[in-house]
Amino acid sequence: MKNNKKVLIVGINGFLGKELAGFLEGKNVEVFGTTHTSNVSKNIFQFKVGDIINSKILLNDFSSVVYLSHSAILESEKLINWYKKTFVTFKELGVRQIYISSYSANEHAISDYGKSKYQIEKFFLENNEYSISPGLIIGKGGIFNKIARFVDKSPIIVVPVSSKENLIPIVSIEKACGVIFDVIQNNFISKNYNIYSHMIKLEDLIKALIQINSKKKYLLKINGYFILYAMKIIESIGVKLPISSDNLSGFIANQKYSVKSDISQFGDDLSVELILKKAI
């Protein structure tokens, strides 16, 4: 591993990318990033999934690359092949590579998102690089933020119920960034990390958000498969939903799948109450 602290975040303008960049800079890491928009600067390159890496990026002698980008536009096979080609380019330069996968990425995945993530994750691990699979990241962005905004604005909250347990894994944004930083700087023998600090019912998560907002709400529990069917019909007529049917199908599948968390290796996370309060 190179001794310099220069890290490239592929997909820096997303929720996790922005938070991770700030976290790493606080640890005296020189942070660079890529974005698919034209919002470039000295350390930000215009580069999107599907592009060939240009010399402007490669000449920076990075010690690590953290991949956050995903594409719902590229076909899964093209997305996976792009990751493989990009991986090889950086591997030849001796750069540590860290793929941020997902709890949805597993051999039982049914969503396109989970399936492609799992294939990319396997490729990284087979080639002796790192994969980190966080649960639902709790912070001021991402899917959680969409849930929190919906709970805040809607008087009636529909809760999809798909199993007896109906549990989801969660982790704070601070802890997720801390784990990534630890993997960047340490030569761990293990390469694969599943990261979550708490398992919580979606219903209880929503109730906690309602309590924090101190607003009167009504919870309506409906079979998750019925909601999924309705969402697919709505999407088929061209309506874009805040949370897609592919997201929900992955969520439903996760209710039947569980994996042990590796978070204890990186220290404790906050309590559920504190995680949620910091994120609202």
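This short talk goes through the aromatic ring pairs, the surface patches and a few individual residues of the structure above.

What we have here is a predicted model, in which local features need pLDDT of at least 70 and side-chain atom pairs count only at pLDDT 80 or more, while totals for chains, interfaces and linings use all residues. Residues are numbered from 1 along each chain as its sequence is written, and side-chain values use heavy atoms, with hydrogens and water left out.

Let me begin with the aromatic rings. A pair of aromatic rings is described by the distance of the centres and the angle of the planes. The rule takes rings of Phe, Tyr and Trp (for Trp, its six-membered ring) as paired if their centres lie within 6.5 Å, and calls planes under 30 degrees apart stacked, over 60 edge-to-face, and the rest tilted. By this rule there are 16 aromatic pairs. One of these is Phe-32 with Phe-45, which counts as stacked because the ring centres are 6.3 Å apart and the planes are at 10°. This pair links distant parts of the chain, 13 residues apart, with Phe-32 in strand E2 (residues 30–35) and Phe-45 in strand E3 (residues 44–46); helices (H or I, at least four residues) and strands (E, at least two) are DSSP runs, numbered from the N terminus. Phe-32 and Phe-45 are both buried, where buried means under 20% relative accessible area, exposed over 50%, and partly exposed in between, with a 1.4 Å probe and protein chains only.

How are the rings of Phe-87 and Phe-123 arranged? Their centres are 5.0 Å apart and their planes are at 75°, so the pair is edge-to-face. Here, too, distant parts of the chain are linked, since Phe-87 lies in helix H3 (residues 76–91) and Phe-123 in helix H4 (residues 112–126), 36 residues apart. Both Phe-87 and Phe-123 are buried. These two residues also belong to a cluster linked by ring pairs, together with Phe-47, Tyr-67, Trp-82, Tyr-83, Tyr-99 and Phe-124.

Patches are made of residues with over 30% relative accessible area and no salt bridge, like charges being joined within 9 Å and nonpolar side chains (Val, Leu, Ile, Met, Phe, Trp, Tyr) within 5 Å. A salt bridge, in turn, is a side-chain nitrogen of Lys or Arg within 4 Å of a carboxyl oxygen of Asp or Glu. Lys-146, Arg-149, Lys-153 and Lys-240 form a positive patch. Of these, Lys-153 sits in helix H5 (residues 142–153) and counts as exposed because its relative accessibility is 67%.

There is also a nonpolar patch of about 360 Å², made by Ile-156, Val-158, Tyr-218 and Leu-220. Strand E8 (156–161) and strand E12 are the elements that give two or more residues to this patch. Ile-156, in strand E8, counts as partly exposed at 46% relative accessibility.

Finally, some loop residues. Asp-61, in the loop between helix H2 (55–58) and strand E4 (64–67), has a positive phi near 55° although the residue is not glycine, and with 42% relative accessibility Asp-61 is partly exposed. Ser-214, placed between helix H7 (202–213) and strand E12 (218–223), likewise has a positive phi near 55°, and Ser-214 is exposed at 64% relative accessibility.

Ala-105, by contrast, is buried, with a relative accessible area of 7%, and is found in the loop between strand E5 (96–100) and helix H4. Its C-alpha atom is separated by 6.1 Å from that of Lys-115, ten residues apart along the chain.

How values were computed: Areas by Shrake-Rupley, 256 points an atom, 1.4 Å probe, with all protein chains shown as cover. Lys, Arg positive; Asp, Glu negative; His and termini not counted. Charge placed at Lys NZ, Arg CZ, Asp CG, Glu CD.
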